[in-house]
Amino acid sequence: MTRPVKPADGIVWITGASSGIGAALARRLARKGWTVAVSARGAGALEDLAKEHPGKIIPAPLDITDASAVAACVERLEAEHGPIACAVLNAGIYIPVKAEAPSYEDYARTFAVNLNGTAACVSALTGRMAERRKGQIAIVSSATGFGGMPTASAYGATKAALINMAECLAIELHRYGVHIQVVTPGFVETPAQDDNEFPKPFMVSAQTAARRIASGLKSRRFEITFPRRFTLVLKAIYALPRSWHIALVRRQTGWNKPPED
Ligand SMILES: NC(=O)c1ccc[n+]([C@@H]2O[C@H](COP(=O)([O-])OP(=O)(O)OC[C@H]3O[C@@H](n4cnc5c(N)ncnc54)[C@H](OP(=O)(O)O)[C@@H]3O)[C@@H](O)[C@H]2O)c1
């Protein structure tokens, strides 16, 4: 039986914690008594975050696309601060891709960070947790992973893959006592939304997202999804036959109109 971990079990490690959801979650968990290791490429932002909670937030600068650096970071954190009881694999990028003029580099970069980078983190963690028969990993996907959306053929593909990855891990790691969760937020007001030209219904603040994730981490639930009035409606739409939901999303997002010349 898996169970949510507690501060007495070890530290929390959050990737993508230099801004947005990750930074807000680090602050919240530090206030709740956790020691929180925070990773991202931006070392300066991590140092600033650590100064807000001296001794409770540990900066661990890292590029998750470098798998050997990820393994070394996990090794070092556990040697210096004790077991990583809970990992929130949150680092991710959003690059909109226009299907009529796509760039392979945008696909490759998105896959490298969101998918391969998360796989590097999972690879560094699950063996250790399985051996200890204890641990918790929350993978931050997105409601965009539920089904197709315009300009999301790179981002959405990685987020759908992460939902699948989390399900596979949850099936396999349950018997080792490792609790796997997936986080599927709707729109959250963070720097990642700066390049998103869409309307953003029911957008929540990074602080609200952090509160929802922190509360979900304390539960046995597999999926942490919010705001539910948005994500549950999306799920209902994607439960329709594919040709129906594709036509519906096309219409709702304005992609049924002829292209502007
Ligand atoms: N905002 C939304 O509406 C929304 C909705 C659903 C899901 N999400 C997901 O939530 C997660 C956090 O996003 P956010 O909205 O909080 O955006 P954000 O503020 O841009 O945060 C992204 C974080 O990922 C880090 N990161 C990017 N590339 C990295 C790399 N190669 N190695 C390590 N860290 C890297 C960034 O730091 P550095 O640049 O310093 O490395 C930053 O800390 C993402 O996975 C995103 O897909 C966001």
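Let's start at Gly-20, where a backbone N or O atom lies 3.4 Å from an oxygen atom of the ligand; I call that a polar contact, meaning a pair of N or O atoms within 3.5 Å, and within protein one atom must be able to donate a hydrogen and the other to accept it, with residues adjacent in sequence counting only if both atoms are side-chain atoms. Please keep in mind that this is a predicted model, in which local features need pLDDT of at least 70 and side-chain atom pairs count only at pLDDT 80 or more, while totals for chains, interfaces and linings use all residues. Residues are numbered from 1 along each chain as its sequence is written, and side-chain values use heavy atoms, with hydrogens and water left out.

Ser-18 places a polar side-chain atom 2.7 Å from a ligand oxygen atom, and the side chain of Asp-63 has an N or O atom 2.9 Å from a nitrogen atom of the ligand. How much of the ligand does the protein bury? Taken alone the ligand exposes 880 Å², and 92% of that is buried by the protein (accessible areas by the Shrake-Rupley method with a 1.4 Å probe; for residues, only the protein chains shown count as cover).

The shell around the ligand holds 31 residues, and the closest are Ser-19, Arg-41, Tyr-155, Thr-190 and Gln-193; a residue is near if one of its heavy atoms lies within 4 Å. By type, that shell has 15 nonpolar, 13 polar and 3 charged residues, where Ala, Val, Leu, Ile, Met, Phe, Trp, Tyr, Cys and Pro are nonpolar, Asp, Glu, Lys and Arg charged, and the others, Gly among them, polar.

Now the sheet. Its 7 strands form an open, parallel sheet in the order β3-β2-β1-β4-β5-β6-β9. The strands are DSSP runs (E, at least two residues; helices are H or I, at least four), numbered from the N terminus, and two strands pair if DSSP finds at least two bridges between them. At the edges, β3 (57-59) and β9 (223-226) each pair on one side only. Between β5 (residues 135-140) and β6 (residues 178-185) there are 6 bridges, and Val-140 has Val-183 as its bridge partner in β6.

Finally, two local details. The peptide bond from Phe-226 to Pro-227 is cis, with omega near -20°, and Pro-227 sits in the loop between β9 and α7. Thr-151, in the loop between β5 and α5, has a positive phi near 65°, although this residue is not glycine.
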